[in-house]
Amino acid sequence: MERFNLDGEKIKPLTICLIGGGGFIGSHLCEKLLYKTQHTAIIIDISSTKIKHLLRPYSCWFGRVQFHEINVKRDTLHRHLEPLIAASDLVINLAAICTPANYNTRPLDTIKSNSVDAIPVVEFCIKYKKRLIHFSSCEVYGKTIGSFLPKDHALQNVSELYLLKEYDSPCIFGSIDKQRWTYACAKQMIERLIYAQSALHSLEFTIVRPFNWIGPRMDFIRGIDGPREAVPRVLACFTGNLLRGKPLKLVDGGQSQRSFCYIKEAIEAVLLIIENPARANGKIFNVGNPENDVTIKQLAELMIEVYADVTKQPASKFTTIDVSSNNFYGPGYDDSDKRIPDMTIINRELGWKPAMRLRTILKLCLDHAINEYKSAIKNECDSLLEF
Ligand code: NAD
Ligand code: UDP
């Protein structure tokens, strides 16, 4: 089926190199590219677990997908990476260490993964004149200006002090001993490098800043499809605790705010960016849903409500517990107080506006998790009973 962009032009099938394409966002993006378009996906990752359903032989998209198991960090001479970039029309870089538990405990790995490892990708895009879509993060904004005011200050309600705008908001990080900011700082550095290179070498680029995209396949459930001692992002933490009937842990009381966006809606935005280069090149886009802005405590309460409803249990069975960030993440943790994206630019350039409300999103996520993990959780409970 022929596809047309927002300016009515026919879209030519592209060969797209997706670095880190085997992760949460990559797996949903590859599904979209293979199921709904004629584009070809060259996927580079260290793992294919989340995309194995896309790599089955004899599927109707089979000729349009390749998986290359490459660790871009270890491919020091770029023998594998360079020819794959050279063979593509477009490069999308998603590869990163991007779970907060790593930022203060593995600061060097975090810095290298999010900046140093991405530099060759930018350089090869310049060398071979390839368009680059780079995944940055809403974390580059850091803390809001409003966070430095007393909690009950009248200026707290002035949107200029908390609404995050691509070209107006400052990037405010904590002090150097707060290693939480290694990720944000590395992401900022690579954004600045891309921006500087585009002026010097006419690199065609778009920077995407995701705001807490959530959905099935996000991270892992500890002790089932990921290490028991590792800490995934909040959706997976809370889901794992609900499945096991354990209290949901609220870091420092769960007062930080996040705006959550459903992955499949966010992927629509990415496809618009891919297929409308004339509108997207040279731009930075916030991609999120400001309507789903909640505190983490409110997120926990809503997840409990939805989970109780789906599993037909009383909500009173599930609880939350306050934990200090020092105990949960270790020293050097710090937090973004509030993350509400301004959506003017993506709405104006690409007409994208997400509609899905948080309750609906959480129902989809929890339905999926129950299906996916129920037998593993049952086995866990059975073996505990035997013990
Ligand atoms: P993810 O961890 O699921 O995906 C990252 C993928 O990169 C993983 O599959 C991982 O194996 C791969 N990778 C990491 N290092 C690699 C290496 N050295 N070589 C090859 N592959 C490597 O995370 P995600 O949520 O899909 O995030 C994708 C991108 O979006 C990241 O750059 C992240 O910083 C950014 N982002 C995501 C969100 C979100 O809401 N999910 C928010 C802000 C930023
Ligand atoms: N968080 C929490 N309990 C958990 C996991 C995370 O209270 O079990 C908090 C965390 O401190 C942060 C928010 O949830 O304030 C979102 O964390 P996430 O790991 O999803 O990543 P972030 O949005 O900070 O990038």
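## Ground rules

Because the model is predicted, local features need pLDDT of at least 70 and side-chain atom pairs count only at pLDDT 80 or more, while totals for chains, interfaces and linings use all residues. Residues are numbered from 1 along each chain as its sequence is written, chains are lettered from A and ligands numbered from 1 in the order in which they are written, and side-chain values use heavy atoms, with hydrogens and water left out.

## Around ligand 1

Let's start with ligand 1. It has 24 residues around it, and Phe24, Ile25, Asp45, Asn71 and Tyr183 come nearest; to be in this shell, a residue needs a heavy atom within 4 Å of the ligand. Sorted by class, the shell holds 13 nonpolar, seven polar and four charged residues. Here Ala, Val, Leu, Ile, Met, Phe, Trp, Tyr, Cys and Pro count as nonpolar, Asp, Glu, Lys and Arg as charged, and the others, Gly among them, as polar.

Now for the polar contacts (pairs of N or O atoms within 3.5 Å). A backbone N or O atom of Ile25 sits 2.8 Å from an oxygen atom of ligand 1. Lys187 brings a polar side-chain atom to 2.9 Å from a ligand 1 oxygen, and Arg233 has a polar side-chain atom 2.9 Å from an oxygen atom of ligand 1 too. On its own, ligand 1 has 820 Å² of accessible area, and the protein covers 89% of that (areas come from the Shrake-Rupley method with a 1.4 Å probe). The elements giving two or more residues to this shell are α1 (24-36) and α6 (182-201); helices (H or I, at least four residues) and strands (E, at least two) are DSSP runs, numbered from the N terminus.

## Around ligand 2

Over at ligand 2, there are 19 surrounding residues, with Lys249, Val251, Arg258, Tyr333 and Asp335 the closest. At least two shell residues each come from α7 (234-243), β9 (248-251) and α11 (325-329).

Which side-chain atom lies 2.5 Å from an oxygen atom of ligand 2? That would be an N or O atom of Asp335. Asn212 puts a polar side-chain atom 2.9 Å from a ligand 2 oxygen, and for Arg339 that distance is 3.0 Å. Ligand 2 has 520 Å² of accessible area by itself, 95% of which the protein covers.

## The second largest pocket

About 520 Å³ of space lies in the second largest pocket. Its lining has 22 residues, and Ser147, Lys151, Gln255, Ser256 and Asp337 lie nearest the centre. By class, the lining comes to five nonpolar, 10 polar and seven charged residues.

A word on method: on a 1 Å grid over the protein atoms alone, a pocket is an open set of points where a 1.4 Å probe fits, with protein on both sides within 12 Å along at least five of seven lines, and lining residues have an atom within 4 Å of a point. Points are joined across faces, edges and corners, and the volume is the space filled by probe spheres set on them.

## Loop residues

Most residues other than glycine have a negative phi. Lys129 has a positive phi, near 55 degrees, and is found in the loop between α5 and β5. Asp219, also not a glycine, has a positive phi of about 55 degrees and lies in the loop between β8 (213-214) and α7.

Is each one buried or exposed? Lys129 is exposed at 73% relative accessible area, whereas Asp219 is buried at 12%; buried means under 20%, exposed over 50%, and partly exposed in between (1.4 Å probe, protein chains only). Tyr128, in the loop between α5 (119-127) and β5 (131-135), is partly exposed at 29%.

Conventions: A polar contact is a pair of N or O atoms within 3.5 Å; within protein, one must be able to donate a hydrogen and the other to accept it, and residues adjacent in sequence count only if both atoms are side-chain atoms.
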